[in-house]
Amino acid sequence: MKKLWLVLVLIVPFFFFGCESEEIFSTYNICAEYDKENNQLNCQQEVDYVNNSSNILNKVCFFLYANAFDEDQKPVSVSSHSKAYYNGESYGNITVESAFVNGAEAIFEISEAKNVLTIELQEELFPNEIVEIEITYQINLANINHRLGRGENTINFGNFFPRALVYEDGEGFIEQKLVANGDPFYSDISNYQVELTFDQCFDLASTGTFEIELNGDKKTAFCKAEKVRDFCFVLSEKFDVLSQDCNGVQVNYFYYDEEEPQSRLQTCVDALRTFETLYGEYPYKQLSVVKSSFCYGGMEYPNLVLISDDLEEMDMDYVIVHEIAHQWWYSVVGNNQYDEAWLDESVTEFSTMMFYAKNEGYGVDYQTLINNAKENYVRFVEIFSDIKGDVDQSMNRSLDEFKTEPEYVNCVYVKGVLLYDSLRDVLGEKKLLKCLKSYFEQYSYKNAKTEDLIHVFSKTSKINLQAYFDSWLNGSVVIE
């Protein structure tokens, strides 16, 4: 394994009279090489982990999403199984080979469910202190059209690395299970320095910015991403790319087998401009929209979103807009996507509809979208009531509490749109957008909870909206 190319730099906060110190973020230094023949990613990872809690820690826990593709797991729903496994069922996993803490070999343990790696610290880690954790591991990729896997046209590396679990005071490290529903992720803002080596036949799309060096028949990319919630990269032998500057942001559209890619790039640019106007400035210098082998519609990562190459032509723009909206709601303003999926998905889906309200040239009517959403939700409740009796219509549940994928989609996405449209009627569009701008401003680079959103909306609108949100979230509101 090659040595990490970046030397650790400790950032020391300076304290000035009358000013608060700036928060220090953990830094991930990852050196990885993709072995095309064996379909493996070999990695060495150093994490300069910052204890930003108010508690003393004696361990650090990491999420192992790569084990979602283990033989014992079910990473996709029954309805998506055939699209995901394009060449028969295939399995993948992560093997942790060693762990070191501040240069000394450390005791580590992987949970029975294979979702959490726990590394013991030799010394107590006090608040604001930093510990260096080194992990060596190997990822075996499944042949699957998914976030992480070797697909038909692209190799996707979403959530590939062990990522520190969020630590909440009073709760400890917050675990996520390996489930098929939704996005089982919850992460803090961190900085990333990633060195990637791969065969010269591949082109790269990634979070952040990168420079590439040629080494014989290999390429090495040096990637850098600051103040982001995650890191993702994609390799493909088929990529073409179009780029355009938008208010100082380089917007890239990676594609293949497409007749009019310029129109898709324009959608990306229009979405970025629209959401900057509605909510606030996009804080990064790069945004890549990447067509990829993915069994669902799309997937959000900081500075990068995946768009399925299996989408119908008429759905491409809609999914692009939705995933770009996630740059505001998930990427910058974070939340526990496992326990409170509604918090980012509902406002993101509503933002998609607001995009069409503000961009009439796309020929999609906002009110028609709302009417369709209401009709679809009512039909869902009727059908599932006939089949199963009472239907749980609550929105704010953890992913494993949704019994079926249709229940998850309708309660989180469809009903979420109706919640915000109703609030638009109650407050007026101008005041609703003011609430969203305030929410974005106050929770940028932080993790928000449901009560935080309700508090910001109530304070900004000067209306107590607790009962309003409660009725929607607990399922008591009647939709006809």
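User: Buried means under 20% relative accessible area, exposed means over 50%, and partly exposed lies in between. In this predicted model, is Lys-431 buried, exposed or partly exposed?

Analyst: Lys-431 belongs to helix α7 and is one of the residues of a positive surface patch. Its relative accessible area is 34%. Since buried means under 20% and exposed means over 50%, this value places Lys-431 in the class called partly exposed.

User: Which residues form the positive surface patch?

Analyst: Lys-431, in helix α7, has a relative accessible area of 34%, and patches are made of residues with over 30% and no salt bridge. The patch is positive, and its members are Lys-430, Lys-431, Lys-434 and Lys-462.

User: How many salt bridges does a search of the whole structure find?

Analyst: Side chains of opposite charge can pair when their charged atoms come close. Over the whole structure, the number of salt bridges found is 19.

User: How many residues apart are Asp-70 and Lys-114?

Analyst: Asp-70 stands in the loop between β3 and α1, and Lys-114 in the loop between β6 and β7. Asp-70 is buried at 10% relative accessibility, whereas Lys-114 is partly exposed at 26%. The bridge therefore links distant parts of the chain, and the separation in residues is 44.

User: In which strands do Asp-199 and Lys-218 lie?

Analyst: The side chains of Asp-199 and Lys-218 form a salt bridge of 2.7 Å, N to O. Asp-199 is buried, with a relative accessible area of 17%, and Lys-218 is partly exposed at 23%. The pair ties together parts that are 19 residues apart in sequence, because the two residues lie in strands β14 and β17 respectively.

User: Which helices does the pair of Glu-429 and Lys-358 tie together?

Analyst: In the salt bridge between Glu-429 and Lys-358, the closest N and O atoms are 2.5 Å apart. Glu-429 is partly exposed at 22% relative accessibility, and Lys-358 is partly exposed at 41%. The two residues are 71 residues apart in sequence, so the pair ties together helices α7 and α4.

User: Which strands stand at the edges of the open sheet of eight strands?

Analyst: The sheet is mixed in its pairing, and its strand order is β5-β4-β8-β2-β1-β14-β17-β16. An edge strand has a single partner, so one side of it is left without a neighbour in the sheet. The strands in that position are β5 and β16.

User: How many of the seven residues of strand β21 are buried?

Analyst: In a regular strand the side chains alternate between the two faces of the sheet. One side of β21 carries Gln-286, Ser-288, Val-290 and Ser-292, the other Leu-287, Val-289 and Lys-291, and both faces are covered. Strand β20 runs parallel to β21 and is joined to it by five bridges. The strand is largely enclosed by the rest of the structure, because the number of its seven residues that are buried is seven.

User: Does Asn-159 count as buried or exposed?

Analyst: Asn-159 is placed in the loop between β10 and β11. It has a positive phi of about 55 degrees although it is not a glycine. Its relative accessibility is 5%, and buried means under 20%, so Asn-159 counts as buried.

User: Does Asp-257 count as buried or exposed?

Analyst: Asp-257 lies in the loop between β20 and α2. Its phi is positive, about 50 degrees, although Asp-257 is not a glycine. At 68% relative accessibility, where exposed means over 50%, Asp-257 counts as exposed.

Notes: Residues are numbered from 1 along each chain as its sequence is written. This is a predicted model: local features need pLDDT of at least 70, side-chain atom pairs count only at pLDDT 80 or more; totals for chains, interfaces and linings use all residues. Side-chain values use heavy atoms; hydrogens and water are left out. A salt bridge is a side-chain nitrogen of Lys or Arg within 4 Å of a carboxyl oxygen of Asp or Glu. Helices (H or I, at least four residues) and strands (E, at least two) are DSSP runs, numbered from the N terminus. Buried means under 20% relative accessible area, exposed over 50%, partly exposed in between (1.4 Å probe, protein chains only). Patches are made of residues with over 30% relative accessible area and no salt bridge: like charges are joined within 9 Å, nonpolar side chains (Val, Leu, Ile, Met, Phe, Trp, Tyr) within 5 Å. Accessible areas come from the Shrake-Rupley method with a 1.4 Å probe; for residues, only the protein chains shown count as cover. Lys and Arg count as positive and Asp and Glu as negative; His and the chain ends are not counted. The place of a charge is taken as NZ of Lys, CZ of Arg, CG of Asp or CD of Glu. Two strands pair if DSSP finds at least two bridges between them.
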